[in-house]
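Hi,

Here is the structure I promised to pass on. Have a look at it first, and my notes follow below.

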Amino acid sequence: MRQPLIGVALDYFPKATSNITRGIPDQDLASGIMPVFNAILAAGGLPMGIPEISNAKAIADYASLVDGICIPGGLDVYPRTYGQSFTEYVGEVRPEKDVFEMVLVKKAIASEKPILGICRGMQLVNVVLGGELIQDIPKLVGTSIVHNLPKAQPWLPIHTISIRKETSLYETLGKESVWVNSFHHQALSKIGDGLEIVAHSEDGIVEAVECKSPWILGVQYHPELMYKTYPDFLQIFVGFVNACNK
């Protein structure tokens, strides 16, 4: 039996600088987040990068080819996709990336393929299902908890989250409270159809959502950057790969 094939949405870098294009300037690049690929491999899956394309049929073909979809972290989601105006607090966006990943997620949901959303990935899945986002936690909510500490070591725990019992995430990690890293300034507000909140930080920010059918898990933190130092977090990917193997 082959390993479950996991499609991972790649980032697109137009006109990339020569220091990352083998000396040839102004090339367009598709790039993946290696810790995500490594975590999927360590969990028993076979990751495959899916480049950002606009051909809907090709995206559907990718979705049918793989056993599950992972949407990693990245840029802010364009606010118009969830019915809000663009405010000064929004960071860099690429509407084309949003459209590509939203089509990929919709096709995966339609064919009941498991989905793992990490940070931006969770936010995007929430938007696909009719949810909305807080455009900037410090400016629009205010909290004493640090949710975005970009200069920290990637694996460094920053704050705790509380996990609801009788949820898949609780069964996966076996704990009601865990320390997580944190690299986001946006968060879920209105929750998308079919999703349920399964974890939150002390200030009420949503830290994880899930759906049992189809299998969806979204986490606001980055387990792919933590599992080598804190092996329990590999179980998030193990659970995902196992769901893709059914």
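Let's start with phenylalanine 233, which has a relative accessible area of 6% and so is buried (buried means under 20% relative accessible area, with a 1.4 Å probe and protein chains only). Tyrosine 221 counts as buried too, at 0% relative accessibility.

Before going on: this is a predicted model, where local features need pLDDT of at least 70 and side-chain atom pairs count only at pLDDT 80 or more, while totals for chains, interfaces and linings use all residues. Residues are numbered from 1 along each chain as its sequence is written, and side-chain values use heavy atoms, leaving out hydrogens and water.

Back to those two rings. Aromatic rings of Phe, Tyr and Trp (its six-membered ring) pair if their centres lie within 6.5 Å, and planes over 60 degrees apart count as edge-to-face. That rule gives three aromatic pairs. In one of them, tyrosine 221 and phenylalanine 233 have ring centres 6.0 Å apart and planes at 70 degrees, so the pair is edge-to-face.

Now the sheet. Strands pair if DSSP finds at least two bridges between them. Strands β11 (residues 196-201) and β12 (residues 206-211) run antiparallel and are joined by four bridges; alanine 199 has alanine 208 in β12 as its bridge partner.

Cheers

Notes. Helices (H or I, at least four residues) and strands (E, at least two) are DSSP runs, numbered from the N terminus. Rings of Phe, Tyr and Trp (its six-membered ring) pair if their centres lie within 6.5 Å; planes under 30 degrees apart count as stacked, over 60 as edge-to-face and the rest as tilted. Buried means under 20% relative accessible area, exposed over 50%, partly exposed in between (1.4 Å probe, protein chains only).
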